[in-house]
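Q: I have a model open and would like to go through some of its local features. Could we take them one at a time?

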Amino acid sequence: MSYVFDGRLCRVTPYYFQYKTHVKQRWVGRTIPQVFESDLGQSSSLSYEDIKHDRLQLQIKDKGKPVIIQGEKLITQPLRQHDIILNYKHIHEPPIVWSGPISIIYQDPSLIVVNKPSGIPTHPSGNFRYNSVTEIVKAQLHLESIFPCHRLDKATSGILMLATTSAACSNIQKQLQERKDVKKEYIARVKGKFPPSQLVHQDPVFLLNSTAGYIMPGRYVSIDSSTTFTRLKYNSELDESIVSCEPHSGKMHQIRIHLRNLGFPIVNDKLYNPGESDKLNLLRNNIELKLYKKVKLSTKDNTDIQIDIVKESDFESKEIQQDIKMLLELRQARLAELFSSPTVCEECKRPIVASTGDGNSFWLHARKYEVNINGDLLSFSAAEPDWACI
Ligand SMILES: [Zn+2]
């Protein structure tokens with residue numbers, strides 16, 4: 001594997017990665033091509049091709065010892081309990097917008113603090129493995145391993161704390177979870193004239209999964225997620241504000257959702273401030289706002305911290321379900337469009353979806369982080385991005 005810089009994009013040369021899957025009870029007696037067809041939607045012809053090139057193998061136990069089976073035999077070999085399918089996948093990682101190196105704000109033997117660029121996932125996830133901050137920093141500093149101490153969305157830039165050992169990482173995570181002496185400040189560039197006085201906003205944090213139409217992170221959410229907002233600047237020509245955001249809880253997309261709910265979404269937030277042509281996200285966003293409206297009404301006098309969001313938002317009502325049905329149809333149509341004329345990889349015969357990265361900037365930045373680590377109050381700040389100058 002190697003990084004290839006292509007203009008403003010960083011690409012990863014395709015590579016093989018081994019996935020190990022333990023045979024599930026319901027697969028017993030069936031063959032690998034049958035299971036891959038029914039459970040993963042992979043055509044038998046692709047599975048035969050993978051078997052032919054030893055990209056699919058089976059690890060079985062023979063008299064207690066592991067034995068690898070490969071080749072044509074696998075086409076008819078019935079799976080047994082305790083077998084392990086070895087799948088050597090040819091990975092085509094999407095490119096990221098990055099021309100390196102990643103700026104290091106602080107470094108000691110156990111802690112590294114970086115200024116994460118926008119558009120790079122923090123750690124390997126989904127289709128991204130080497131194109132992630134932890135892997136890039138490992139390569140940049142010639143380190144064996146790195147552990148992210150907290151989450152920072154792929155789109156968001158700014159302070160990211162990384163530990164060099166899992167013990168150091170657990171220690172920092174513990175401090176962050178206890179939230180003692182922890183202060184985080186983000187800055188965002190939002191639409192409209194944000195109110196001049198400090199504002200504390202409280203709302204439960206949830207979002208609608210547009211792939212399957214359920215509420216994330218789960219049915220029960222706490223209503224005490226809050227963020228303090230302070231306007232720093234307002235530009236009347238642009239009708240945009242720079243706002244300081246201090247989250248008092250750490251829910252996924254909390255700042256983005258709270259700003260959207262307040263009516264001042266981040267200007268270039270594709271998810272919570274979608275453009276007119278993005279029918280899918282417009283609909284998803286509208287459904288979420290409808291759900292929030294219902295939650296607001298039903299929780300007005302509610303002091304319980306946890307609520308049943310499905311019930312309170314009337315999620316199962318006919319009206320919402322019709323919207324969700326339409327959302328899933330739009331999602332299907334978008335996927336069909338994406339795969340309509342893909343380029344096929346010569347090596348693994350799978351489609352390569354063209355991607356140009358997610359743009360080079362998202363207007364939410366983790367500017368300051370204060371944390372008490374073993375009695376030392378450490379304070380980090382990351383340089384402000386150019387977009388903050390309005
Ligand atoms: Zn391939």
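Q: Where is Asp314 found?
A: Asp314 is in the loop between helix 7 (309-312) and helix 8 (318-338). Helices (H or I, at least four residues) and strands (E, at least two) are DSSP runs, numbered from the N terminus. This is a predicted model: local features need pLDDT of at least 70, side-chain atom pairs count only at pLDDT 80 or more, and totals for chains, interfaces and linings use all residues. Residues are numbered from 1 along each chain as its sequence is written.

Q: What is the phi of Asp314?
A: Asp314 has a positive phi of about 60°, although it is not a glycine.

Q: And why does Asp314 count as partly exposed?
A: Because Asp314 has 17 C-beta neighbours inside 10 Å. A residue is buried if 20 or more other C-beta atoms lie within 10 Å of its own, exposed if 12 or fewer, and partly exposed in between, with C-beta atoms placed from the backbone.

Q: What about Asn374, which loop is that in?
A: Asn374 lies in the loop between strand 22 (364-373) and strand 23 (376-381). Asn374 is not a glycine either, yet has a positive phi of about 50°. With 9 C-beta neighbours inside 10 Å, Asn374 counts as exposed.

Q: Changing topic, which peptide bond is cis?
A: The bond from Met216 to Pro217 is cis, with omega near 5°. Pro217 lies in the loop between strand 15 (215-216) and strand 16 (220-222).

Q: At what angle do helix 1 and helix 2 pack?
A: Helix 1 (residues 32-40) and helix 2 (residues 44-52) pack at about 135°, with their axes 9 Å apart. Axes are lines fitted to C-alpha atoms, for helices over the stretch in contact, and angles run from 0 to 180 degrees between N-to-C directions.

Q: Which residues make that contact?
A: Ile32, Pro33, Phe36 and Glu37 of helix 1 meet Ser44, Ser47 and Tyr48 of helix 2. Two residues are in contact if their C-beta atoms, placed from the backbone, lie within 7 Å.

Q: How many helices and strands does the chain have?
A: The protein chain has eight helices and 23 strands. Its C-alpha atoms fill a box of roughly 70 × 55 × 40 Å, taken along the principal axes.

Q: How much of the chain is buried?
A: Buried residues make up 30% of the 390 residues in the protein chain.
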